[in-house]
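The stops below go from one element to the next.

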Amino acid sequence: MSTVDFPKHWKIVKFGQVSDFQGGTQPPKSTFVSSPTHNYTRLLQIRDFESDDYVTYVSTKYNLRHVGESDVLIARYGASVGKVFRGKEGAINVALMKTIPNEKLIRRSFLFYFLQSTMVQSYLKGLGGRSAQAGFNRAEIGRIDFPLPPLPEQRAIAHVLQTIQEAKAARQREIELERERKVALMDYLFSRGTKGEPRKQTEIGEIPESWEVVRLGDYCHKPDYGYTESANNSPVGPKFLRITDIQNDNVNWDEVPYCVCSGDDREKYSLENGDIVIARIGATTGKAYMINDYPESVFASYLIRVRTKDDLLPPFLNQYFRTIYYWRQINQSKGGRLKGGVNIPILSRIVLPLPPFSEQQEIAEILHACDTKIAALEQEAARLDELFRAMLEELMTGRRSAVPLIDSELP
């Protein structure tokens, strides 16, 4: 299967020669319970390695296949085929397969990372792609070429890769903490301001005495729906910003398509720095994005453009669009409908607190500093992920030795 030139001191065997495999079982769903019960054990499904929101327990009277936290598991079929898991204890269902390595030859930590390598993942996804529910069996996974470095080198490889993953996990924790800090800051700043002045009760809660409560429609130029033409792949005309181009509060303008738009339409639907576009339908209904550092562009029909008047600072409004006060109003306007949309009349009726202009600027700058820190941490996490993928391939093929890296300074 493999055409990789591994180091001469590594042995190349078939996976089935150094490991056994055990599939899970599927007890009747009618017997599932959602809380710990005597003589019941946790049933581990693929989704349980992503979230503990749907914990399920099953009776031990069934023919269960138990695993421990150190066991390395593989998703056998479906969209998750080939995914590798560890770290939970329980009984596995039929979508998971347990590896039972010969520990005289293979360190489990090395096995965990080897199964994530491209040579393995490409092979397993090829098997799983034969039909919608196709997967792989013990014989098929057993045919994988398995490189066997000496045990000390296996330990070194796993150590390097785990160090990188731990660094990424630390960044992820920092990101979550910074996001929580920003939420708390938003709640404080939009209800108390920055001056420590007395507060008054309003329809949106307490706000500083000098602030007003206003309607968005009174402080914006008339909002507009977007352009109804379709995008094209030819580099002709302005960029054509769509809902799908806005991902995680960011737009990769290089990937935004163009559209044929000229004359009055090009002017009517143009975007400028400080414009805010809001998704009016779909899963992201109500989400806002502020235009900044952009090429010449127009916006699509499923977006609404909001352009503020001089008394309302766009970055302040953009931050308000991320508060619980704004989202309560959006959710009320949808009337509990999951797929409800928003329109210009709904947005025009949104109420918001309006501080003096200088305080708007101060609040926007404080919250932007949080955004900048989060973005920097996200970039670090992304770079660590890239480093992990690169090192995984280098180390698992022997193109780079892990032993010298143990004494070097890793992230």
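**Stop 1: helix H5**

Select residues 151-192, helix H5: its 42 residues at 1.5 Å a residue should span 62 Å, and the end C-alpha atoms lie 61 Å apart, which agrees. The expected span is 1.5 Å times one less than the number of residues. Helices (H or I, at least four residues) and strands (E, at least two) are DSSP runs, numbered from the N terminus. Just past H5, click Gly-193, which has a positive phi of about 75 degrees.

This is a predicted model, in which local features need pLDDT of at least 70 and side-chain atom pairs count only at pLDDT 80 or more, while totals for chains, interfaces and linings use all residues. Residues are numbered from 1 along each chain as its sequence is written, and side-chain values use heavy atoms, with hydrogens and water left out.

**Stop 2: helix H8**

Next, select residues 324-333, helix H8, and show the side chains of its buried residues, Tyr-325, Tyr-326, Gln-329 and Ile-330. Because these residues cover an arc of only 135 degrees around the axis, they sit on the same side of H8. The arc is that of the directions from the helix axis to the C-beta atoms. Buried means under 20% relative accessible area, exposed over 50%, and partly exposed in between (1.4 Å probe, protein chains only).

**Stop 3: a four-stranded sheet**

Now find the open sheet with the order S4-S3-S8-S5 and mixed pairing. Its edge strands, S4 (57-59) and S5 (66-67), each pair on one side only. Select S3 (residues 40-44) and S8 (residues 90-92), which pair in the parallel sense over two bridges. Two strands pair if DSSP finds at least two bridges between them. Leu-44 stands opposite Ile-92 in S8.

From S3, follow the loop towards S4 to reach Glu-50. Is Glu-50 buried or exposed? Its relative accessibility is 56%, so Glu-50 counts as exposed. Phe-85 is 35 residues from Glu-50 in sequence, and their C-alpha atoms are 9.8 Å apart.

**Stop 4: the whole protein**

Zoom out to see 11 helices and 22 strands. The radius of gyration is 27 Å, well over the 22 Å that the globule rule gives for 411 residues, so the protein is more spread out than a compact globule. This radius is taken over C-alpha atoms, and the rule is 2.2 Å times the number of residues to the power 0.38. Buried residues make up 46% of the 411.
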